[in-house]
Amino acid sequence: MRYVSTRGYGPMGFTDILLEGLAPDGGLYVPEEYPRLDSEDLRSLGEILAYEGYATFAAEILALFIDDIPFSDLEGITRRAYTKEKFGTDLIAPLSQVEPGLWLAHLSQGPTAAFKDMAMQVLGQLFDYELTRRQRTMTILGATSGDTGSAAEYALLDASRVQVFMLSPLGRMTAFQRGQMYGINSPRIVNVTVPGSFDDCQDLVKEVNADAEFKARHSIGAVNSINWARLVSQVVYYISSWFQASDGQGEVSFCVPSGNFGNICAGHVARMMGVPIRSLVCATNENNVLAEFFTSGVYRVRASTETFVTSSPSMDISKASNFERFFFDLTGRDSEQVAHLFGDQLNRTGVIDIRSTPYAHLPASQYGFRTGVSTHADRVATIADVFRRHGYLIDPHTADGVKVGRERKGDEPMIAMETALPVKFGSITKEAIGRVPEIPARFSQVLDAEQHTVLCDQGADQLKHIIETMTILKPAS
């Protein structure tokens, strides 16, 4: 299995792109071709999930994409990542039926109460394995809109060969999210706050990565979903969810709360592999760039000043990094076209318009994408309704997915992807049901911990200076 950039660079092996993150040409790595699963392959995987468990099931799927790590080592990685102690259940990613036709994939039972743990626990193990094998260290530079940061930091806290610099938008996360991240007191975990939106954080990460000399000197890698290893780990729970909802027979659809397009892109990969997925429903909040594209064919990036601060803050994103991976498939894997659209046109104009192109109708007809928008009032109403009718408390992002999923469900099972536990979002929960969620004992100190941050308000040069002066690991040889 070899990988190429969406803009033409490559090919490369998996462990090389694992450590590199963003490609040198600014593109995102994707497989040269997706592995395909026929009915017999799916039947065999279903037996593995049923009789050997999620960790072995995950190793079997990851092995389709990873041929430069021995399978026994890969299975060791997934067994260390997916444990009952970390996720509270042997099932790791169980489903429950909320109401007729609507299922909920419980993906947020991990160490930081967010679905990001599902991939980040694997990514942390992969980094530790490969850096030890190469006797190297690495600097992780990432951006978070709320949950990626804490999931990455907790997954890498004990990885002695990794130092983390995590950017987050100043004042735009909930108190619980800030406490989870900023409360970590370790010289290998540096939380950098940036005035503006998540998009501003993400742009700084990309600008630093574009400095090839600096990136090489500090061995900078990525934990955001621009890193293929993280995205492919998410493919696993789409396939396991299909088995649980369909008993291995027939189609399902997924409704995915979407901001950076990483989670739903993993569903796209599963569908391209042959998993019977009828529709991938992209649920957005008021920052509806993706919904606008799937409705009109126009992808228009908003400035940070146009990006709304909402009650589902992890989706307050107006420039979806992983969208480029889907566009690569949409254009027939035309790297020159993608480089022009994302490396040139989008930077100059902020707009990509496919209405007059040959692939204008393909997102829905060929790739199964549909969409819907949810507002604050919708979130409050959905949280209250699900709790009143079914006794289950959901977070505001999951509420966006449930609201849109209810509107778009057909005769096939509709699976809404849970994104976080409501303990992270006390304010809207209180608005919906009259009280804040009870804080589990394992998170009892989050809101009281002393917080540690560094401000970056002067752009990429200042961020480089922060990395230069606060790096404690020996640079890569």
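The buried residues of helix 12 pack against helix 11, strand 9 (252-257), strand 10 (277-284), helix 14 (323-330), strand 13 (369-373) and strand 14 (414-417). Contact here means heavy atoms within 4.5 Å. Helices (H or I, at least four residues) and strands (E, at least two) are DSSP runs, numbered from the N terminus.

Before you start: this is a predicted model, in which local features need pLDDT of at least 70 and side-chain atom pairs count only at pLDDT 80 or more, while totals for chains, interfaces and linings use all residues. Residues are numbered from 1 along each chain as its sequence is written, and side-chain values use heavy atoms, leaving out hydrogens and water.

**Exercise 1.** Find out why helix 12 is described as largely enclosed by the rest of the structure.

Solution. Step one: recall that buried means under 20% relative accessible area, exposed over 50%, and partly exposed in between (1.4 Å probe, protein chains only). Step two: list the buried residues of helix 12, which are Gly 262, Asn 263, Ile 264, Cys 265, Ala 266, Gly 267, His 268, Val 269 and Ala 270. Step three: nine of the eleven residues of helix 12 (residues 262-272) are buried, so this helix is largely enclosed by the rest of the structure.

**Exercise 2.** Describe how helix 3 and helix 11 cross.

Solution. Step one: the axes of helix 3 (residues 54-63) and helix 11 (residues 228-246) come within 9 Å and cross at roughly 120°. Axes are lines fitted to C-alpha atoms, for helices over the stretch in contact, and angles run from 0 to 180 degrees between N-to-C directions. Step two: this makes helix 3 oblique to helix 11. Angles under 35 degrees count as roughly parallel, over 145 as roughly antiparallel, 65 to 115 as roughly perpendicular and the rest as oblique. Step three: among the residues that meet are Tyr 54 and Phe 57 in helix 3, and Val 232 and Phe 243 in helix 11.
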